[in-house]
Amino acid sequence: MHYSGFNEGTLVTTAEDPKTGLNKLVCIMRTGGAMYRAISVDSGLTWAAPDPISRYGVAPQALVVHEPQNNATDGIMVVVYGRPFNFMTFSLDGGISFLPEWCFFKSEAKPYDGSDYDTIVQVPNSSTILIVYGNSRSAYSSEILGTYISVRRSNG
């Protein structure tokens with residue numbers, strides 16, 4: 001069985017550390033199918049050891065959602081990734097921990113064709129994200145789909 005090293009990394013900048021004045025960086029990456037994250041508190045000079053956040057996934061994309069009227073430092077980190085299918089997870093503490101993953105879309109292809117790559121953006125002037133991903137209907141037919149999701153912290 002072949003396992004790849006860490007690859008397909010994506011970086012997210014989180015809140016500024018009040019003690020150091022530096023931003024925390026979070027790198028989401030995969031290896032051998034599992035998703036990991038590593039954190040740097042010194043703007044990328046050094047990194048903590050990677051910790052797993054999911055048992056599987058490829059091509060992660062991440063961002064921190066801030067409400068437009070309150071560009072607070074406690075935004076919600078959203079990570080999307082694929083294979084098998086399309087998943088997302090959220091971090092409420094700057095990438096230290098993650099909520100259970102959620103499969104938001106399963107490709108129609110039978111048998112599974114190995115695609116399911118995702119990308120994500122925050123819609124300007126809102127706390128809504130747009131996720132774009134593929135739907136393989138068969139080995140010869142596919143389409144690009146998009147889903148809007150509103151992301152907010154609850155008060156309860």
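Modeller: We will look at two residues, D118 and S54.

Modeller: This is a predicted model, where local features need pLDDT of at least 70, side-chain atom pairs count only at pLDDT 80 or more, and totals for chains, interfaces and linings use all residues. Residues are numbered from 1 along each chain as its sequence is written, and side-chain values use heavy atoms, with hydrogens and water left out.

Colleague: Where does D118 lie?

Modeller: Strands are DSSP runs of E, at least two residues, numbered from the N terminus. D118 lies in strand β9, residues 118-122.

Colleague: Which side chain of opposite charge is nearest to D118?

Modeller: Lys and Arg count as positive, Asp and Glu as negative; His and the chain ends are not counted. A salt bridge puts a side-chain nitrogen of Lys or Arg within 4 Å of a carboxyl oxygen of Asp or Glu. For D118 the nearest is R83, 9.5 Å away. D118 has no salt bridge, yet is buried (under 20% relative accessible area, 1.4 Å probe, protein chains only).

Colleague: What does the side chain of D118 make a polar contact with?

Modeller: A polar contact is a pair of N or O atoms within 3.5 Å; within protein, one must be able to donate a hydrogen and the other to accept it, and residues adjacent in sequence count only if both atoms are side-chain atoms. The D118 side chain pairs with that of N86 at 2.5 Å. A polar atom of the D118 side chain also lies 3.2 Å from the backbone nitrogen of G82.

Colleague: Is S54 buried or exposed?

Modeller: S54 is buried, because its relative accessible area is 9%. S54 sits in strand β4, residues 51-54. Its side chain reaches the backbone oxygen of Y56 at 2.9 Å. The S54 side chain also makes a polar contact with the side chain of Y81, at 3.4 Å.

Definitions and conventions: Helix = DSSP H or I, 4+ residues; strand = E, 2+ residues; numbered from the N terminus. Buried < 20%, exposed > 50% of the residue type's maximum accessible area, 1.4 Å probe, protein only.
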